[in-house]
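Have your viewer ready and try each task before reading its solution.

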Amino acid sequence: MAYQPKINQAKTEAVEDIKGILGNAEDFFFTNYRGLSVAQITTLRHRLRELGADYHVVKNNYANLAFQQLGKKDVSDLLAGPTAVAVARRDSGAVAKALVELIKELGDKLEVKGGLVGESVFDANQVNAYSKLPSRLELYAILLGTMKAPVQNLAIALNGVASKLVRTLQAVADQKASE
């Protein structure tokens with residue numbers, strides 16, 4: 001008879017809970033939260049929640065199993081030591097930016113270990129660089145400004161031609177009146 005490993009129901013449920021937390025999100029940032037007070041973690045969670053993200057302290061083994069079962073890239077290197085995961089459900093750039101800003105506020109108490117953005121695994125330096133990119137809303141504003149510029153320039157040019165014609169006709173009328 002072959003050895004059948006005993007399956008611990010509590011561990012299976014813990015992995016399922018983490019899978020539920022990770023849900024259908026595509027972007028995750030892994031942090032070391034050691035040294036943060038409860039108030040600081042609450043502030044961090046509140047700021048991330050405003051950006052559509054969740055922040056959860058996880059057990060590394062369970063989280064690693066959950067990522068594997070969800071078919072995500074291998075992030076086992078990022079799951080070492082005390083780990084909390086920021087789960088970005090909307091704009092991951094804004095979440096990365098918020099984490100980097102909080103690191104500046106909290107000092108060495110919060111550390112970004114890395115991230116999983118789409119299918120790319122980022123180290124801490126890459127997450128820092130990613131945080132400096134424009135957010136989705138900023139990109140939309142740039143795009144709309146770029147699309148609006150030719151129409152705006154055409155309107156200015158057409159308005160300039162019409163106003164120049166009016167000024168020329170007024171100058172001719174003034175000249176005729178003075179003669």
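**Exercise 1.** Find the handedness of the crossing of helix 1 and helix 3, then work out how their axes are oriented.

*Solution.* Start with the handedness: as helix 1 passes helix 3, the crossing is right-handed. Keep in mind that the model is predicted. Next, take the geometry: the axes of helix 1 (residues 9-22) and helix 3 (residues 60-69) come within 9 Å, crossing at roughly 60 degrees. Angles of 65 to 115 degrees count as roughly perpendicular and those under 35 as roughly parallel. Helix 1 and helix 3 are therefore oblique to each other.

Now list the contact. Helix 1 brings Lys11, Ala14, Val15, Glu16, Ile18, Lys19 and Leu22, which meet Tyr62, Ala63, Leu65, Ala66, Phe67 and Gln69 of helix 3. Sorted by class, this contact of helix 1 with helix 3 has nine nonpolar, one polar and three charged residues.

**Exercise 2.** Decide how helix 2 and helix 4 are oriented, and say which residues meet.

*Solution.* The packing angle of helix 2 and helix 4 is about 155 degrees, and their axes are 10 Å apart. Angles over 145 degrees count as roughly antiparallel, so helix 2 and helix 4 are roughly antiparallel to each other. Helix 2 passes helix 4 in a right-handed crossing.

On the helix 2 side you will find Gln40, Leu44, Arg47 and Leu48; on the helix 4 side, Val95, Ala98, Leu99, Leu102, Glu105 and Leu106. The class count for the contact of helix 2 with helix 4 is seven nonpolar, one polar and two charged residues.

**Exercise 3.** Repeat the analysis for helix 4 and helix 5.

*Solution.* Helix 4 (residues 92-106) packs on helix 5 (residues 124-131) at an angle of about 110 degrees, with the axes 8 Å apart. The angle falls in the range of 65 to 115 degrees, and helix 4 and helix 5 are therefore roughly perpendicular to each other. Their crossing is left-handed.

Helix 4 makes the contact through Ser92, Gly93, Ala96, Lys97 and Val100, and helix 5 through Val127, Asn128, Tyr130 and Ser131. By class, the contact of helix 4 with helix 5 has four nonpolar, four polar and one charged residue.

**Exercise 4.** Which element gives the most residues to the largest nonpolar core?

*Solution.* First, look at the core itself: it has 22 residues, of which Phe29, Leu44, Leu48, Val95 and Leu99 touch the most other members. Then list the elements that give two or more residues: helix 2 (38-50), strand 2 (53-58), strand 3 (83-88), helix 4, strand 4 (111-117) and helix 5. Helix 4 gives the most, with six residues. There is also a second, separate core of 18 residues, including Ile18, Phe28, Val58 and Tyr62. As background, nonpolar side chains in soluble globular proteins tend to be buried together.

**Exercise 5.** Are Met147 and Val161 buried or exposed?

*Solution.* Met147 is found in helix 6 (residues 136-178), and Val161 also lies in helix 6. Over 50% relative accessible area counts as exposed. Met147 has 53% and is therefore exposed; Val161, at 56%, counts as exposed too.

To finish, check two distances. From Met147 to Leu169, 22 residues apart in sequence, the C-alpha atoms are 35 Å apart. Val161 and Ala86 are 75 residues apart along the chain, and their C-alpha atoms are separated by 56 Å.

Key: Residues numbered from 1 in each chain as written. Predicted model: local features only at pLDDT ≥ 70, side-chain atom pairs only at ≥ 80, totals over all residues. Heavy atoms only, no water. Axes fitted to C-alpha atoms, helices over the stretch in contact; angles between N-to-C directions. Helix = DSSP H or I, 4+ residues; strand = E, 2+ residues; numbered from the N terminus. Left-handed = near helix turned anticlockwise from the far one by under 90°. Contact = heavy atoms within 4.5 Å. Nonpolar A, V, L, I, M, F, W, Y, C, P; charged D, E, K, R; others polar. Core = buried A, V, L, I, M, F, W, Y, C linked by side-chain atoms within 4.5 Å. Buried < 20%, exposed > 50% of the residue type's maximum accessible area, 1.4 Å probe, protein only.
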